Amino acid sequence: MAARRLLVLFGSQTGTAQDTAERIGREAKRRHLQCTVEALDSYDVANLISELLVVFVCATTGQGDPPDNMKLFWRFLFRKNLPSGALCRLDYAVLGLGDSSYPKFNFIAKKLHKRVLQLGGNPLLPVALGDDQHDLGPDAVIDPWLVALWDKILMLYPLPPGLEVISPDVRLPPKYTLHYVAEDSPQPNGILLQPTAPRAAPSELCPFAALVVSNQRLTAQSHFQDVRLIEFDVTGSGITYSAGDVVMVQPQNCPEDVQQFCQLLRLDPDRRFVLKPTEPGTALPALLPQPCSIRHLVTHYLDISCVPRRSFFQLLSCFSTSELEREKLQEFSSAQGQEELYSYCNRPRRSTLEVMWDFPHTTCAIPPEYLLDLIPRIRPRAFSIASSMLAHPDRIQILMAVVQYKTWLSKPRRGLCSTWLASLHPEQGDVRVPLWVKKGGLKFPSDPDTPIIMIGPGTGVAPFRAAIQERVAQGRRGNCLFFGCRQESKDFYCQAEWEELVAKGFLTLFTAFSRDQEEKVYVQHRILENRRLVWELLSSRNAHVYLAG
């Protein structure tokens, strides 16, 4: 009989596709299939021709782009020299995650399905198109599709004699086992960072520990929004960037939340452990040192501030010692309970830590080795770079609004990364932030005579500040900026800088201060008022137009 082996490959940007892929992996184990779940770019794509059964789970990002962790796979798959029957042994299914409010809804999943079919693959089911806009989210499509998928797979690979599908009430083993180490064993170096000269360009797996040089509030103290201009020193990192590029920052949880979490779970933050994979071939989490302290794990790795997904409630219900709590958790993880879960969790943006407070009996019964199955890792955050290396060598500046808003929960919601960065000040000593740089989506013209029209209200002006600094350093004129904010006196970012460039003839500036007069005025009104100039730049001088929000 053919080996009962399933490969689940995912392309995920925000973690939803990974969460779904891991759900499929768990359901496969309940059906006694050998199953590997892997990011598409971690998988050796040359092995695809010998695979027999693969489920692809992929998100679509931006304007129909593949997620970062499947870009290499995507390029390989569309090579012209791949023979048409290359994947003729492969039974496959594609599950897409997208948002129907975008024109290229689930573009990557549709294109992947078609391409694997072209290469001779045999589709088990039509492509599934999960939609964020549906009242029940992507699960409205995923749930029935998975029922059909398991029917198909069990027809091809029936359960071995004497085995049954493992009930959802039975807890599967954790991905890793956790072994505490003796107090006197040698200490690890701690954070995996490169404060000194790195061997390779900094990346997600090897970020550079950049020194915080300045952290300046740009909005008036009386203004409702706190916007910062933060500068990092990247001397010795080997980082280079151009206008339009993006800096990725790896944030961390605040000490108060870490302390609360450890108290709730009755964990000693200073205890150290090593992880061992339960199944051979499972890689250890790349960003965790070995051995590692509980404090390091909770501070730098577990995303205890994220809004938990349905899978969290499903696994949490398995640990519950309280019948009342278990019933509620099971309801939240059922298909019928999704509207109630949305009202409890997503609408008020309730965090994982807050949910744990609401289920205290269950929380204190969580075995520590399940923490990595239960809580996703903290994802890096992207910021448009707001400076040019030509104007500020060895520096990266970002323009950042501190995220804070109210829901019906009493405590204000705060953005994990922006709150953390806003709290860092050079006066505190050697303050460092793990970061690396990625190519951005904005490309500015290489021809020095091409004018650019930039429309950047609010912090959307960040990449245009980088572009203007770069072009001014190269002596280029023809820079036209439409900037909008609420009030000239409160949130006109970089006002003095723009006015100096206007005076020197490097910048044409149009401002819209929406609340400074009776009638609200926005950037689109200023574009309309200056339509002759805009049209002249477009029609006679082939200007490029850029828009950032």
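Helices (H or I, at least four residues) and strands (E, at least two) are DSSP runs, numbered from the N terminus. The structure is a predicted model, in which local features need pLDDT of at least 70, side-chain atom pairs count only at pLDDT 80 or more, and totals for chains, interfaces and linings use all residues. Residues are numbered from 1 along each chain as its sequence is written, and side-chain values use heavy atoms, with hydrogens and water left out.

**View 1. Ala467 in helix H14.** Helix H14 spans residues 462-473 and contains Ala467. Ala467 counts as buried because its relative accessibility is 1% (buried means under 20% relative accessible area, exposed over 50%, partly exposed in between; 1.4 Å probe, protein chains only).

**View 2. Surroundings of Ala467.** With residues up to four places away in sequence not counted, Ala467 touches Ala243 and Phe444; contact means heavy atoms within 4.5 Å. Ala386 lies 81 residues from Ala467 along the chain, and the C-alpha atoms of the two are separated by 8.3 Å.

**View 3. The chain as context.** The chain has 18 helices and 21 strands. Of its 549 residues, 49% count as buried. Among contacts with a separation of 6 or more, 76% come from residues 24 or more positions apart.
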